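Dear colleague,

I am handing over the structure below, and I would be grateful if you looked through it before reading my notes.

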Amino acid sequence: MTEFFQILIYGYGNPGREDDGLGFALVKSLEEWTEKVGISGIEFDSNYQLNIEDAEAISGKDIVVFADASTEDIQDFLFTEVTGEKDVSFTTHAASPGYIVKLCKELFGKCPKVYLLHIKGYQWEFKEGLSEKAKNNLNKAMGFMQEYLLNLQNQASTI
């Protein structure tokens with residue numbers, strides 16, 4: 001896969017606040033899985049929040065998947081494209097995926113395909129560990145991402 005696609009899976013959130021650690025957990029699980037099944041060419045990263053420097057980190061990629069815990073009214077997880085045209089916000093503490101895409105376009109003249117994997121969370125107290133319901137959603141999101149990455153690998157091998 002490395003010959004054709006440069007991929008970044010980037011989880012963010014606070015693992016010290018229960019389900020807010022879903023992005024970190026997804027990255028860790030996916031990294032272990034790709035090593036086990038022998039998929040290469042995927043870079044993994046995690047942080048508490050997105051920062052403006054992440055615009056450079058995505059500029060050299062073909063595909064980026066940001067993963068984060070969600071309080072949205074969704075079933076278990078949602079996979080959406082990020083265009084940089086909506087959900088563009090920045091505060092002194094955090095940047096949205098849309099803002100990172102917008103900066104990437106403006107500063108580097110490049111834009112990979114960017115997606116956000118929203119994983120439904122339920123508990124946000126200051127303690128480590130995911131709730132059981134969030135673990136179930138993480139497992140469903142993992143299954144989706146495994147299939148997605150295998151499909152990308154198959155596409156790359158037929159090019």
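Glutamate 81 counts as partly exposed because its relative accessibility is 42%, where buried means under 20% relative accessible area, exposed over 50% and partly exposed in between (1.4 Å probe, protein chains only). Lysine 113, at 42% relative accessibility, likewise counts as partly exposed. Glutamate 81 and lysine 113 form a salt bridge, with their closest N and O atoms 3.2 Å apart, a salt bridge being a side-chain nitrogen of Lys or Arg within 4 Å of a carboxyl oxygen of Asp or Glu. The two residues lie 32 residues apart, glutamate 81 in strand 4 and lysine 113 in strand 5, and the pair thus links distant parts of the chain.

Please keep in mind that this is a predicted model, in which local features need pLDDT of at least 70 and side-chain atom pairs count only at pLDDT 80 or more, while totals for chains, interfaces and linings use all residues. Residues are numbered from 1 along each chain as its sequence is written, and side-chain values use heavy atoms, with hydrogens and water left out.

The protein chain has four helices and five strands, arranged along the sequence as β-α-β-α-β-β-α-β-α; here helices (H or I, at least four residues) and strands (E, at least two) are DSSP runs, numbered from the N terminus. Of the 159 residues in the protein chain, 45% are buried.

By the rule given above, the count of salt bridges comes to five. One of them joins lysine 140 to aspartate 76, with the closest N and O atoms 3.4 Å apart. Lysine 140 lies in helix 4 (residues 132-158) and aspartate 76 in the loop between strand 3 and strand 4 (77-82), so this pair ties together parts that are 64 residues apart in sequence. Lysine 140 is partly exposed, at 45% relative accessibility, whereas aspartate 76 is buried, with a relative accessible area of 14%.

Which side chain of opposite charge is nearest to lysine 120? That side chain is aspartate 73, 5.4 Å away, and lysine 120 is buried yet has no salt bridge; for charge, Lys and Arg count as positive and Asp and Glu as negative, while His and the chain ends are not counted. Lysine 120 is placed in strand 5 (residues 113-120). Leaving aside neighbours within four places in sequence, the residues in contact with lysine 120 include Leu22, Asp73, Asp76 and Asn137, where contact means heavy atoms within 4.5 Å.

With kind regards
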